[in-house]
Amino acid sequence: MRVPYNYLPRQFAAPDEILRRWRELIESSEYTLGPYVEEFESRFAAFQQGRFCVSTNCGTDALILSLRALEIGQGDSVITPCNSFYATTGAIVAVGATPVFCDVDDRYQISLSSMQDALQPTTKAVLPVHWAGASPDMLGITKWASEHGLRVVEDACMAIGGQVHGAAPGSFGDLGAFSMHPLKTLNAIGDGGMVITSDPDLANWMRKYRNHGMSTRDEISIWGVNMRMQPLQAIVGSLMIESLNERLHRRLENQRLLDAALAHIDGIQLPPRELWNVETVSLYMIRVQNRDKVLRMLIEREVEAKVHYPTPLHMQPPAQRLGYRQGDFPNAEQQAREIITLPAHEYLTADELNYMIECVATVVAESQ
Ligand SMILES: *Cc1c(COP(=O)(O)O)cnc(C)c1O
């Protein structure tokens, strides 16, 4: 039996409704911004407890737009975890600021005590990540940031539909950034992004900046760029958001099943789950010894496990110039050697889940 990591063929097995709306779009000529993008923004706003929503071309642009809106750039440093996807740090570097890395806890989330160690006179903002669809201690982080006069941009790219103390990821900081990349919870069949904020002035500035700084067709008020979301993607986003809660519910069920089956197996370490955090199960990660051997043996059995990621950001080649070395962040480095991501998406069947659990148990026992 094959347990696929890629759920896209199942997610879009019946694309008729998407194709019907795409045909409507093609006939309307509304190809840049316009009613389809506005509709998606307002549906997303309803989902996000009414915050201002500004759509972008992708999650990376949403992060860059957020940092620009807060006027973070040359001479500023931004505190961020060393175990995210490249785009988190890439966005900081793209606006001309300096990333300052810190370590993570046993939930794989940025650790507040490591953030305190990373504080410098040039620190202007923190960029915590809701990594893997779980969330860091956002209440502690925002409290600490405000005590030090720091702005907060949340990388909630993987966390659309999650909850932290009953509120949405992305709603704690000044700005929250999301992605609609195909492997995120709200897949728009291509790239897409969103920034949310409760500050109308920041929202207005971002709306302008992402569309060439235009205030009217004939006048710009600032120099801007093109970071616009495409209507093709907005249409899919509007459709997929309708089923998001139900799909996330099935993921949580899978997480519960996997946790229950794997927790008691010798040689497997699970991240602790917190009652205040409803996760989106974007990456279901366990930790094992002899990870590469376990990975190989799972793949031989057609369980499509992955590693997110084998090399932390501070050990990537472009980070060497910033003076980081192996040993700087022991938790993240140890996790990078031990983590393995198992398929846990909402399209898995009970048979596939059971087969995967059986394989993981066998393989871990044999590989120790
Ligand atoms: C996917 C992702 C991004 C980038 O989003 P794109 O839409 O692919 O540009 C940034 N940060 C995190 C944590 C992500 O998972």
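Mentor: Strand β11 and strand β13 (residues 284-288) run antiparallel and are joined by two bridges, where helices (H or I, at least four residues) and strands (E, at least two) are DSSP runs numbered from the N terminus, and two strands count as paired if DSSP finds at least two bridges between them. Within this pairing, Ile-268 stands opposite Val-288 of β13. The model is a predicted one, in which local features need pLDDT of at least 70 and side-chain atom pairs count only at pLDDT 80 or more, while totals for chains, interfaces and linings use all residues. Residues are numbered from 1 along each chain as its sequence is written, and side-chain values use heavy atoms, with hydrogens and water left out.

The two strands belong to an open sheet of three, ordered β11-β13-β14, with antiparallel pairing. Because β11 (268-269) and β14 (339-342) each have a single partner strand, they stand at the edges, and one side of each is left without a neighbour in the sheet. Helix α11 (residues 291-300) packs on this sheet and touches β13 and β14, contact meaning heavy atoms within 4.5 Å. The direction of α11 makes about 20° with that of β14; axes are lines fitted to C-alpha atoms, for helices over the stretch in contact, and angles run from 0 to 180 degrees between N-to-C directions.

A second open sheet has seven strands in the order β1-β8-β7-β5-β4-β2-β3, and its pairing is mixed. Its edges are β1 (52-56) and β3, each with a single partner strand, so one side of each lacks a neighbour in the sheet. From one strand to the next, the twist averages 25°.

At the β3 end, strand β2 (residues 77-81) pairs with β3 in the parallel sense over five bridges, and Ser-77 stands opposite Thr-98 in β3.

Helix α3 (residues 34-47) lies across β1, β7 and β8 at about 135° to β1, whereas helix α8 (residues 200-209) lies across β1, β7 and β8 at about 20° to β1.
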